[in-house]
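Subject: Structure for you to look at

Hello,

The structure is below, with the sequence. My notes on it follow.

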Amino acid sequence: MDLLEKEITDWSAAEISQSIKNDKVTCKEVIQRFIDHIDIIEDKFHAFEHYSKELLLEKAIEKDKKEEKNGLLFGVPFGVKDIFNSKDFYTEMGSPIWKGFQAGNNARVVDQLLWEGALMAGKTVTAEFAVHEPGKTINHLDSKRITGTSSSGSAVAVATGMVPLALGTQTAGSTIRPASYCGVIGMKPSFGSVPRTGILKTLDTLDHVCFFSKTVNDLKLIFDSCRVKGTNHPFSGGPIEEKKIEQQYRVAFVKTSVWDFAQDDTQKKVKEFVSVLSKEPDINLKEVELPNSLNNIHQQHELIYEKALSYYFAEEYSKNPDKISSGFKNMVERGKKTSIKDFQEALKEQVKSINTFDQFIKDFDIVVSLSVAGEAPLLSNPIEPKDPCLIWTYLHAPSVSLPLLQGPNGLPVGLQFVSSRYNDFFLQNFCDLLMKRFK
């Protein structure tokens, strides 16, 4: 199908940018079509917390006046989770305590996307302080099911075609889960590869800037736009560059310590996919177990997470207890009971675990695991069973959820792929290969 025969809101970010640069369409025409689409469906799904079509159209008209159309994402609209600072919109972090807060600056990654020519469409809905209490976003595939906290607005905005790209974050599973539940691609990059300046902090050793897209190529573009660059940075121009495969991809299938929490149908579908994957001529796949010392990651993650929340949100907890959810209060209260000594020991244990995984993955190029335990849980029982998401967050390894599976109700279930730290480009290329073969 010719590109111009496709609906503009179905274009990839790469197609949008290239079409504008080649004068096949104006930036105003592209943005007006997205505005029309948002006008039709936003009231149904509530992906945006703050959005201004007047401002977006004004920025698009300014783009069309530029003589040079530079940047990886020129003319591409994108959504921003409402915990990133922004000049043009409030930053309220899913909490009434911060209602009407104007940061006065952009988060660094927002500026980087703007420098690459992209257009900020608005702020997407987040859970309270990007933790667990859900926002107002509706699962577009089944309104009776959750969207997955806490980057839910970004996931639904991309899934419904309101924007082709969106920023999220992940401290546990806040990107991989909604990506899986909503049927889009979600990526958590290597820790330290994307700057976190100007973003709500919940935990220094776990917070990651993340991305949502519909194509792996778009994922590459937004990651390359946001990642740190320059010879003065240890992860730039060196280990973050793509490694090469000489013969076969060495793939490890790991069930992890939380495999038994997955639905029976999910376990079956994962095994079937892994079996098919193992028959590919350029894949050398083995089922292996992670080192035993990595089996307590969920407990260690919970300890350091809750302790950090009790520190960073002490003022909100003490001054505005009536404006905080009971779930968040409970996490803060448990965190307050953890001693500084235990917290410091847990951080040391995290470093040991990262080093252990670094040694483990030397024998493999890719690890494949569950993204989530199954289809999106029902709103009537919204508890998300334990899954491997936070394992890779804790270990600082890059991970991508691909919408390759379906559950018993025809809803998407993601499969998660992981590589060694700072091999993000390699991981993206492997995921691109899988999407072309199996999607």
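The model has an open sheet of eleven strands with mixed pairing, in the order S1-S3-S2-S4-S6-S5-S10-S11-S9-S7-S8. Helices (H or I, at least four residues) and strands (E, at least two) are DSSP runs, numbered from the N terminus. Two strands pair if DSSP finds at least two bridges between them. Strand S1 (48-51) and strand S8 (283-287) are the edge strands, each pairing on one side only. From one strand to the next, the twist averages 30 degrees.

This is a predicted model: local features need pLDDT of at least 70, side-chain atom pairs count only at pLDDT 80 or more, and totals for chains, interfaces and linings use all residues. Residues are numbered from 1 along each chain as its sequence is written, and side-chain values use heavy atoms, with hydrogens and water left out.

Within the sheet, strand S5 (residues 185-188) pairs with strand S10 (residues 399-406) in the antiparallel sense, over three bridges. Met-187 has Val-400 in S10 as its bridge partner. Val-400 counts as buried because its relative accessibility is 0%; buried means under 20% relative accessible area, exposed over 50%, and partly exposed in between (1.4 Å probe, protein chains only). Contact, or touching, means heavy atoms within 4.5 Å. Val-400 and Leu-415 are 15 residues apart in sequence, and their C-alpha atoms are 8.2 Å apart in space.

Two helices come next. Helix H7 (residues 216-226) packs against helix H14 (residues 424-438) at an angle of about 165 degrees, with the axes 9 Å apart. Axes are lines fitted to C-alpha atoms, for helices over the stretch in contact, and angles run from 0 to 180 degrees between N-to-C directions. H7 and H14 are therefore roughly antiparallel to each other (under 35 degrees counts as roughly parallel, over 145 as roughly antiparallel, 65 to 115 as roughly perpendicular and the rest as oblique). On the H7 side the contact includes Leu-219 and Phe-223, and on the H14 side Cys-431 and Met-435.

Finally, Gln-112 lies in helix H4 (residues 108-115). At 10% relative accessibility, Gln-112 counts as buried. Gln-112 touches Pro-195, Ser-225, Cys-226 and Arg-227, not counting residues up to four places away in sequence.

Regards
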